[in-house]
Amino acid sequence: MQNMKTELSCEFFPPQTAEGVDKLRAVRAKLAVLKPGFFSVTYGAGGSTRDRTLEVVLDIQREGHAAAPHLSCIGSTRDSIRALLGEFKAAGIRRIVALRGDLPSGMADVGELRYANELVEFIRKETGDHFHIEVAAYPEWHPQARSPREDLLNFKRKVDAGADSAITQYFYNADAYEHFVGEARALGVTIPIIPGIMPIGSFSKLARFSDSCGAEIPRWMRRKFESYGDDADSIRAFGLDVVTGLCQRLLERGAPGLHFYTLNQSVLTLEIARRLKLI
Ligand SMILES: Cc1cc2nc3c(=O)[nH]c(=O)nc-3n(C[C@H](O)[C@H](O)[C@H](O)COP(=O)(O)OP(=O)(O)OC[C@H]3O[C@@H](n4cnc5c(N)ncnc54)[C@H](O)[C@@H]3O)c2cc1C
């Protein structure tokens, strides 16, 4: 049933300890069975994870996988971004996830590039077509957007500035994704828009995070998760059913791939891929 060309990718955050780096290596070795198009590594706004992101990215390249560092511009100068782009280029990196990021609390200086479209433009100006540039998309709209229409137009700005493809914020409502893609297509946006998939391991953590990033957990799901209390097995089983069903529907309706927010774990992502017969 699934499209043979479904492009899979997996996202990690840079661990804080050497032990975490080793564990992540083992996780990647397991996820390699998915033959992912790339492994991406998040980047703390203001450059807070600059070296750790680079370290993991270089590790991934050494293992023979394509690595895509995230790069957020808020709180940074053009010079610092130029230097980092040079390091990525020298390391043979060909793909970047270009973001604005969120200003860490206590940091007042927004930096020289205020929005992701300015970063995309800067990367293109500095490095031409060297990098495949991914940008973020928000099927349920970015939490700070003044209106859905403005958010959509701001998404298009990133595409017009030179983005090659987009990865969405996670969502559990396939209609939101389909609506967003339809609206983007109506504006003339033709780049692939890959759904970001968040497997559900812990409901309480997911609920906290979703409130801050503006992703909705539909009421029917929330109520059911809440009814399980501390029953981790039931939460995991229901989460797997829901997320697999979501992926199935997205792929059947033409989504060009899936980007997994792995949270540096392999088990749930692999189980979903196995159920989708993607392994
Ligand atoms: C796939 C993915 C990966 C992510 N990885 C990271 C990461 O590694 N590190 C990290 O810190 N965060 C990451 N984030 C979170 C992201 O940084 C935040 O959601 C951030 O608030 C917005 O970043 P953006 O690139 O989408 O911003 P933008 O596209 O710049 O949009 C931000 C807001 O500003 C508005 N806007 C955009 N352009 C303009 C403009 N020109 N004029 C006026 N308003 C405008 C938009 O409508 C939106 O409300 C990621 C998000 C996603 C979906």
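Biologist: Which residue is the bridge partner of S9 in strand 2?

Modeller: F38 is the partner of S9 there. Keep in mind that this is a predicted model.

Biologist: What makes strand 1 and strand 2 count as a pair?

Modeller: The cut-off is at least two bridges. Strand 1 and strand 2 have four, in the parallel sense, so they pass.

Biologist: And how many bridges join strand 1 to strand 8?

Modeller: Five, and those two strands run parallel as well. One spot to look at is C10, whose bridge partner in strand 8 is F260.

Biologist: What do the strands make up together?

Modeller: A closed barrel of eight strands, in the order 1-2-3-4-5-6-7-8, with parallel pairing. From one strand to the next, the twist averages 30 degrees.

Biologist: Why is strand 1 described as largely enclosed?

Modeller: Because five of its six residues are buried, and buried means under 20% relative accessible area.

Biologist: Is strand 4 mostly covered or mostly open?

Modeller: Mostly covered, with four of the five residues in strand 4 buried. Strand 4 (residues 95–99) runs parallel to strand 3 (residues 67–72), and three bridges join them. Among the bridge partners, H70 goes with V97 and S72 goes with L99.

Biologist: What does C73 touch?

Modeller: Leaving out residues up to four places away in sequence, C73 touches I81, L99, R100, V110, L113, Y115 and L119. As for D102, 29 residues away in sequence, its C-alpha is 9.2 Å from that of C73.

Biologist: Let's compare with Q169. Is Q169 buried or exposed?

Modeller: Q169 comes out at 17% relative accessibility. The cut-off is under 20%, so Q169 counts as buried. Q169 is found in strand 6 (residues 165–170). Apart from neighbours within four places in sequence, Q169 is in contact with A137, Y138, P139, G196, C213 and Y261.

Biologist: Then why is A26 called partly exposed?

Modeller: A26 has a relative accessible area of 41%. Buried is under 20% and exposed is over 50%, with partly exposed in between, so 41% lands A26 in the middle class. A26 is found in helix 1.

Biologist: What does helix 1 lie across?

Modeller: Helix 1 (residues 18–31) lies across strand 1 (7–12) and strand 2 (38–41). Helix 1 runs at about 170 degrees to strand 1.

Biologist: What makes helix 3 oblique to helix 4?

Modeller: The axes of helix 3 (residues 78–90) and helix 4 (residues 116–127) cross at roughly 55 degrees and come within 11 Å. Roughly parallel needs under 35 degrees and roughly perpendicular needs 65 to 115, so helix 3 is oblique to helix 4. The contact uses R78, I81, R82, L85 and K89 of helix 3 with L119, F122, I123, E126 and T127 of helix 4. The crossing is right-handed.

Biologist: Which residues of helix 10 are buried?

Modeller: In helix 10 (residues 267–275), they are L268, T269, L270, E271, I272 and A273. The buried residues of helix 10 pack against helix 1, helix 9 and strand 8 (257–261). After helix 10 comes K277, with a positive phi near 60 degrees.

Biologist: And which residues touch the most other members of the largest nonpolar core?

Modeller: L71, F155, Y172, I193 and L258, out of 85 residues in that core. Helix 9 (residues 232–252) supplies the largest share of the core, nine residues. Not counting residues up to four places away in sequence, Y172 touches M198, I200, L206, E216, P218, M221, V243 and L246. In soluble globular proteins, nonpolar side chains tend to be buried together.

Methods. Residues numbered from 1 in each chain as written. Predicted model: local features only at pLDDT ≥ 70, side-chain atom pairs only at ≥ 80, totals over all residues. Heavy atoms only, no water. Core = buried A, V, L, I, M, F, W, Y, C linked by side-chain atoms within 4.5 Å. Buried < 20%, exposed > 50% of the residue type's maximum accessible area, 1.4 Å probe, protein only. Contact = heavy atoms within 4.5 Å. Axes fitted to C-alpha atoms, helices over the stretch in contact; angles between N-to-C directions. Parallel < 35°, antiparallel > 145°, perpendicular 65-115°, else oblique. Left-handed = near helix turned anticlockwise from the far one by under 90°.
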